[in-house]
Amino acid sequence: MSAPPAEAPAGRRRREPWVTVGTLLLLVLTMFTVMPLAWMLVTSIKTQFAATQYPPEWFPAHPTLEEYWRLLSPASVIGQEFLGYLANSVWVSFATTALGVIVAVPAAYAFSRFRFPGRNLLFYSVLLRNMFPAVVFLMPLFIMMRWMGLVNTHASLILTYLTFGLPLSIWLLKGFYDNIPVQLEQAARIDGATRFQAFLLIVMPLSSPGIIATAIYSFIMAWNEYVYALTFVNEKSRLTLSVGLHRFFSEFATNWPGLMAASFIMSVPVVILFLFLQKYFVKALTEGAVKS
Amino acid sequence: MTGSAVSPSPARRLGLFARIYRHRADYLYVLPAIFVMLMVIAYPIYYTIYLSFFNTPPNLALEDKIFVGVDNYSRVLMSDSFHEATWNTLVWTFWSTFFAFVLGFGAAIGLNRVFPGRGLLRGVLLIPYVISAVAASYLWRWIFHSDFGVIGAITVATGLTDRPINFLDNTQYVMASLIVVNVWKEFPFAMIMMLAGLQTVPDQLLRAARVDGAGAWSRFWHITVPHVRSVMLVTVLLLLVTNLNSFTIPYIMTGGGPAGASEIWITHIYQIAFGRIRFGLASAYSVILFIVMMALGYFYVRALTHGDDKAPR
């Protein structure tokens, strides 16, 4: 970042003016991105007293991990609540991801390979689902969950996340299947494999990067989801993190370091997951929209 | 149904039912997905439209609902709060999309060449996009805090203002403040889309144009832009849709306040539905929003499938 690129790729030619503008902009945007995140971290290692000083300390004179210990210790009341929310989030996100992959894989494969009547209609309705605002679904789903007795259960969240993750998962996976040559399957079938065997033994292993990308995407979506979690689950012991933070905030209204520490802990899993698997994630985002 | 399925040349194409029968095994693969989607997508859409014609009791005893025709629609469309929310929604959606796209495209141009630390930088810039909107909203609420907020302290220290500004409790600044947060959260999305688009622009073409003496502006305008036009379109549409659907940032940061100054359609609908428990009214409101989204959806599908017609598969 800080190293000024010394004409490296362009050789002896004059630098593109667009590149100069872009580099300057990158610098500004990096500050814009990083400084708030740094402030989250700095605040989280302050004491409550130090956080409410004016003017604010840029770096705490006495940094402390006190808030983190409290949040992550099963002995404290706040810790118990917080760890409960964390466990709920982990469970809901995992279940959503696993079910999503199981349902999306065959559907995406069918959309990629078969030409059955109604295929286009179905596929566009799958795409259109991306356009629907969550709020449109909130009321009827709430009524439906009440009718099925699922209000205040994790099942209501898993079921909902599953469906609003599905269209995107199908779309992403279809892109991956489109890129796997159909000749491979044909060869397998000539060698005596059934269509299903060809799918399971040839296509599935080849599409594992696609499945990983889709799974990460579903996991992050489920982990971060807020509006359904807010509406469907009120029982304190069943809240997920995104709503749990809200409770935490309103009960300890002035504890900003605690809230920042909790926000940081909530962000860590998705950021780690994302940084490790960035390549797949980026592919997941841009697949379909960009044709190379 | 059957009428439209009659094909002009029956010799070439089988009848609809014959074709369905022939492909019957194919449907098994999509059946689980279709089942889930019918239950959680088609039914809710139908039910929202249905409820929008009823007055629902506040205790949600839906068997007591009263048919009111299009009354809910006229009440929504006539209300002042709807007009204010509509204006806020336009401001929010337009400026969020504009800045997210421009900054994202700029960053993509900056990232679209090889330099040390490029992968790391891209990862760092994407962090706001992947973290939870809830965490981001609390963070920015703290940054904008009226007494201990860091931005207030900076404006005082640099002499811009005498006292810290209460950004979120000020009808004049609240929308702009929320848009800053939203752009912070979603410009990385535009960046990554446009970066993927820029990488499809053939290098030889740009070099050839330079040899022929085309200037930077002309190369950008005549080579880069035409190549990334469809990605641009998809990105802008997705940003528009996302911004029209935003809930978390305005809800957590201001809850629509002060005095409705940051109330947008979605938060307004949520408030009517789950604050005032007026499902019928909120359903009518949702249907209006829904129609707007469908119009955008039409362009989205067209933009996405446009390339399919040309590309041989």
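How are α6(A) and α13(B) oriented to each other, roughly parallel or roughly antiparallel? They are roughly parallel to each other, because angles under 35 degrees count as roughly parallel, those over 145 as roughly antiparallel, those of 65 to 115 as roughly perpendicular and the rest as oblique. This is a predicted model, in which local features need pLDDT of at least 70 and side-chain atom pairs count only at pLDDT 80 or more, whereas totals for chains, interfaces and linings use all residues. Residues are numbered from 1 along each chain as its sequence is written, while chains are lettered from A and ligands numbered from 1 in the order in which they are written.

**Chain A**

Chain A has 14 helices and zero strands, where helices (H or I, at least four residues) and strands (E, at least two) are DSSP runs numbered from the N terminus. Of the 292 residues in chain A, 45% are buried; a residue is buried if 20 or more other C-beta atoms, placed from the backbone, lie within 10 Å of its own, exposed if 12 or fewer do, and partly exposed in between. Among contacts in chain A between residues at least 6 apart in sequence, 74% join residues at least 24 apart, a contact being a pair of residues whose C-beta atoms, placed from the backbone, lie within 7 Å.

**Helix pairs**

| Helix pair | Angle | Axis distance |
|---|---|---|
| α4(A) and α10(A) | about 140° | 8 Å |
| α5(B) and α11(B) | roughly 140° | within 9 Å |
| α6(A) and α13(B) | about 15° | 10 Å |

The angle between α4(A) and α10(A) makes them oblique, and their crossing is right-handed; a crossing is left-handed if the near helix is turned anticlockwise from the far one by less than a right angle, and right-handed if clockwise. The residues of this contact divide into nine nonpolar, seven polar and no charged, with Ala, Val, Leu, Ile, Met, Phe, Trp, Tyr, Cys and Pro counted as nonpolar, Asp, Glu, Lys and Arg as charged, and the others, Gly among them, as polar. One of the α4(A) residues in that contact is A:S93, which counts as buried, with 25 C-beta neighbours inside 10 Å. Leaving aside its neighbours within four places in sequence, A:S93 is in contact with A:F219, A:A222 and A:W223. By contrast, the C-alpha atoms of A:S93 and A:L259, which lie 166 residues apart along the chain, are separated by 22 Å.

In chain B, α5(B) and α11(B) are likewise oblique to each other, and their crossing is right-handed. Residues making the contact include B:W92, B:S96 and B:F101 of α5(B) together with B:V236, B:L240 and B:N243 of α11(B), and by class the contact has seven nonpolar, six polar and no charged residues.

**Between the chains**

In all, 87 residues of chain A are in contact with 88 residues of chain B. Helix α1 (residues 17-44) of chain A gives the most to the side of chain A that touches chain B, with 17 residues, and the residues of that side divide into 67 nonpolar, 17 polar and three charged. The pair α6(A) and α13(B), whose crossing is right-handed, joins the two chains through A:V135, A:L138 and A:M139 in α6(A), which meet B:I266, B:I269, B:Y270 and B:A273 in α13(B). The residues of this contact divide into seven nonpolar, no polar and no charged.

Terms used
Axes are lines fitted to C-alpha atoms, for helices over the stretch in contact, and angles run from 0 to 180 degrees between N-to-C directions.
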